[in-house]
Amino acid sequence: MSICVHHDMTAPLQHYFIYTGHNSYLTGNQLSSDSSEVPIIKALERGVRGIELDIWPNNSKDGIHVLHGRTLTTPVTLHKCLKSIKEHAFVKSPYPVIITLEDHLTPTLQAKVAEMVTSTFGDMLYYPKESDKDALPSPDALKHQIILSTKPPKEYLQSKNAGKEHASVDKDSSSDELEDRRSNSDQDDDYDRRCSVSDRYCANEVSTSTRPTQQLSDLLGGYYEDEDIEDEKYEHKTHLEYKHLIAIHASKPKNGTRKALRDEHRKAKRLSLSEQALQRAANLYALDIVRFTQKYILRVFPKGTRVTSTNFRPLTAWMHGAQMVAFNMQGYGRSLWMMHGMFRSNGACGYVRKPDFLLKTGPNGEVFDPKATLPVKKTLKVKVYMGDGWRLDFSQTHFDAFSPPDFYTKIYMAGVPADVAKKRTKVIGDDWTPVWNEEFTFPLRVPELALLEIVVQEYDVDKDDFAGQACLPVSELRPGIRVVPLHNKKGEKFKSVKLLMRFLFV
């Protein structure tokens, strides 16, 4: 894989997949974990370019905290988060960082945010230009700049009115989740089963989520209540400085997802949908999503029931052109490994140019149809020769107390539904350096979006043990015999564990 940026970085921002975090300040679960600047720093150092902050008044209403509202998560100050972003934004990549704000503030505190943002970032802060109405600037033009994205204050206040009318739906939902539930009521699949936090967190989530909403509200007191904001909102004029700092105006599908996707006169450049709303839209009007994402930014966030900070499969969003697939970066699991894999592309700079077929429009307005039956474009042959390094990175009794490990390798192909496949090698018993010499063939219809997932496990009668994983974008694979380093569950590279493999396109 290339370690250099090699995609064209001069196209408008909406022509790229953007490495994006969800509730970027949380250290663990969505209900009771700590908020901190540390996860933000880790995400930026990994190359994440989209950071989400939920901003709320502090207890005395004279300062600003970042936390997951109406939950038991502890706060962190906005100042700490902004300072950390400034210091670490461009350690991994020079391309712009987009801060998406979930704003729950009074106009007075919005003015304070404007002052904090301008004083913290200085010349790094991007001020929107008149020309941005037609097309957003390119990642190349925005190097080393910080971009703010949120709903304009007027729209935010209007949506809060609507939110109060529907408060009985779910008093503990965030504004993202509440508005999305009003536009979508479909049932959904829970893709990931792994807990991304400790057993203590999981126990907290079960007990907290089963409490009546009124008890949660009583526990939280006035800390997260919106009534004080509602009382003040018409007594203040929105601070112009705050409004003028918003470079990417955001909106929610208040009158239905399809209408929002088809709105040709929309002022907002970014629309947010939950994973359920996206899946429903993909089933009913996929072409509208593809057309929308050619001009505007679509952000997709995890459903509210993912309290253990799991994630959803990102491929549906990507194959419809969604640029900002917002993930909980503090967990682990196959979905997050796919996200890591996609953004190893293009020198791991956090921006991956979308395939041409997602950007093109035919003479009669035709766009890519994710449901269309496509011919095989190329075939990838993957040979797994051998593995090594476990004896150096693991204790002699880690996998088996009395004998050497019994390793086998699973190979997954993730991508459009027609390209999805799963293969596995035989088990090599009692060997720290297994030799498999097995080859597998994967016909690909859309290789541009395909991800090769490699998972090594140690066979056990009761439950197989994890021994390493790697996820590689097929578009970046170089033909030939390659050494593939493996990573732990969190995506951190092992010091010594690797596979010897061969990739061949036919």
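Which residues of helix 3 are buried? The close-ups below start there. The model is predicted; local features need pLDDT of at least 70, side-chain atom pairs count only at pLDDT 80 or more, and totals for chains, interfaces and linings use all residues. Residues are numbered from 1 along each chain as its sequence is written, and side-chain values use heavy atoms, with hydrogens and water left out.

**View 1. Helix 3 and the glycine after it.** Helix 3 covers residues 107–121. Helices (H or I, at least four residues) and strands (E, at least two) are DSSP runs, numbered from the N terminus. Helix 3 has 15 residues and spans 21 Å from first C-alpha to last, close to the expected 21 Å at 1.5 Å a residue. The expected span is 1.5 Å times one less than the number of residues. Its buried residues are Pro107, Leu109, Gln110, Ala111, Val113, Ala114, Met116, Val117, Thr120 and Phe121. Buried means under 20% relative accessible area, exposed over 50%, partly exposed in between (1.4 Å probe, protein chains only). Glycine 122 follows helix 3, with a positive phi near 55°.

View 2. Most residues other than glycine have a negative phi. With a relative accessible area of 2%, asparagine 23 is buried.

**View 3. Asparagine 346, with positive phi.** Phi of asparagine 346 is near 55°. The residue sits in the loop between helix 13 (334–342) and strand 11 (351–353). Asparagine 346 counts as buried because its relative accessible area is 0%.

**View 4. The hairpin of strand 18 and strand 19.** Strand 18 (residues 480–487) and strand 19 (residues 493–505) are antiparallel and share seven bridges. Strands pair if DSSP finds at least two bridges between them. Isoleucine 481 has arginine 502 of strand 19 as its bridge partner. Five residues lie between the strands, and glycine 491 takes a positive phi near 90° in this hairpin.

**View 5. A nonpolar surface patch around Tyr459.** Val427, Tyr459 and Val461 make a patch of about 290 Å². Patch residues have over 30% relative accessible area and no salt bridge; like charges are joined within 9 Å, nonpolar side chains (Val, Leu, Ile, Met, Phe, Trp, Tyr) within 5 Å. A salt bridge puts a side-chain nitrogen of Lys or Arg within 4 Å of a carboxyl oxygen of Asp or Glu. Areas come from the Shrake-Rupley method with a 1.4 Å probe; for residues, only the protein chains shown count as cover. Tyrosine 459 lies in the loop between strand 16 (451–458) and strand 17 (465–473). At 40% relative accessibility, tyrosine 459 is partly exposed.
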